[in-house]
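Please read the following explanation with the model open beside the text. It leads from one group of side chains to the chain as a whole, and then to the sheet and the helices.

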Amino acid sequence: MSESSAAEMAEKLRDAFNNFEADDPKTLDLFTDDVVYRDPRFPAFEGKEALKGYLQQVAGENKAMQVSWEYTSMVSEGEHAAVEWMVRTGMELGGKKFEFPGAAFVRTRGGKICYYCGSWDTGILQQLAGE
């Protein structure tokens with residue numbers, strides 16, 4: 001059996017988020033036991049147990065905002081992938097659809113995600129809070 005590449009794992013994670021399955025146990029299984037997951041809003045989540053609570057929060061956020069993740073470009077080789085993405089939501093901000101760009105770096109080991117580092121302008125949260 002061949003191991004999944006970083007690109008394949010990044011796509012599986014995107015699909016889980018788009019299907020509002022971030023809190024599904026199958027989503028947690030995409031990660032190694034010692035995963036390091038970074039979201040710019042929080043300190044790094046280290047290990048599956050720490051990541052589990054975060055994924056539950058993300059599932060709630062994604063459902064509430066009707067989030068859809070679109071990968072606009074990806075560069076990958078083997079265990080490494082870099083992704084540019086656009087998040088589109090079912091919400092409006094200032095009369096326009098609320099959406100924002102970001103990027104992520106993904107590294108895999110043994111066919112699972114061992115490192116994820118997402119990056120986006122968290123200043124948009126202030127805009128959202130002002131609405």
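This is a predicted model: local features need pLDDT of at least 70, side-chain atom pairs count only at pLDDT 80 or more; totals for chains, interfaces and linings use all residues.

Which residues form one aromatic cluster? The cluster consists of Phe17, Trp69, Trp85, Phe98, Phe100 and Trp120. Rings of Phe, Tyr and Trp (for Trp, its six-membered ring) pair if their centres lie within 6.5 Å; planes under 30 degrees apart count as stacked, over 60 as edge-to-face and the rest as tilted.

Residues are numbered from 1 along each chain as its sequence is written, and side-chain values use heavy atoms, with hydrogens and water left out.

The protein chain contains four helices and six strands. Here helices (H or I, at least four residues) and strands (E, at least two) are DSSP runs, numbered from the N terminus. Read from the N terminus, the order of the elements is α-α-β-β-α-β-β-β-β-α. The radius of gyration of the protein chain is 15 Å, close to the 14 Å that the globule rule gives for 131 residues, so the chain is as compact as a globular protein of that length. This radius is taken over C-alpha atoms, and the globule rule is 2.2 Å times the number of residues to the power 0.38. Along the principal axes, the C-alpha atoms fill a box of roughly 50 × 30 × 25 Å. Of the 131 residues, 40% count as buried; buried means under 20% relative accessible area, exposed over 50%, and partly exposed in between (1.4 Å probe, protein chains only).

The next topic is the sheet. Six strands form an open sheet in the order E2-E1-E6-E5-E4-E3, and the pairing is mixed. Strand E2 (45–46) and strand E3 (68–77) stand at the edges with a single partner strand each, so one side of each has no neighbour in the sheet. Two strands are said to pair if DSSP finds at least two bridges between them. Strands of a sheet pair through backbone hydrogen bonds, either parallel or antiparallel.

Both kinds of pairing can be followed from E6. Strand E5 (residues 96–109) and strand E6 (residues 112–120) are antiparallel and share eight bridges. Threonine 108 stands opposite isoleucine 113 in E6, while arginine 107 has tyrosine 115 in E6 as its bridge partner. The hairpin of E5 and E6 has two residues between the strands, and glycine 110 takes a positive phi near 65 degrees there. E1 and E6, in turn, run parallel and are joined by four bridges; phenylalanine 31 stands opposite isoleucine 113 in E6. Seven of the nine residues of E6 are buried, so this strand is largely enclosed by the rest of the structure.

How do helices meet this sheet? Contact means heavy atoms within 4.5 Å. Axes are lines fitted to C-alpha atoms, for helices over the stretch in contact, and angles run from 0 to 180 degrees between N-to-C directions. Helix H1 (residues 6–18) packs on the sheet and touches strand E1 (31–38), E3, strand E4 (80–93), E5 and E6, its direction making about 175 degrees with that of E3. Helix H3 (residues 48–65) also packs on the sheet, touching E1, E2, E3, E4, E5 and E6, and its direction makes about 55 degrees with that of E1. Threonine 27 is found in helix H2, and at 3% relative accessibility it counts as buried.

The structure holds eleven aromatic pairs. The rings of phenylalanine 42 and tyrosine 54 have centres 6.0 Å apart and planes at 75 degrees, so this pair is edge-to-face. Phenylalanine 42 lies in the loop between E1 and E2 and tyrosine 54 in helix H3, so the pair ties together parts twelve residues apart in sequence. At 29% relative accessibility phenylalanine 42 counts as partly exposed, whereas tyrosine 54, at 6%, counts as buried. For phenylalanine 98 and phenylalanine 100, the ring centres are 5.8 Å apart and the planes at 45 degrees, so that pair is tilted. Phenylalanine 98 and phenylalanine 100 are both buried.
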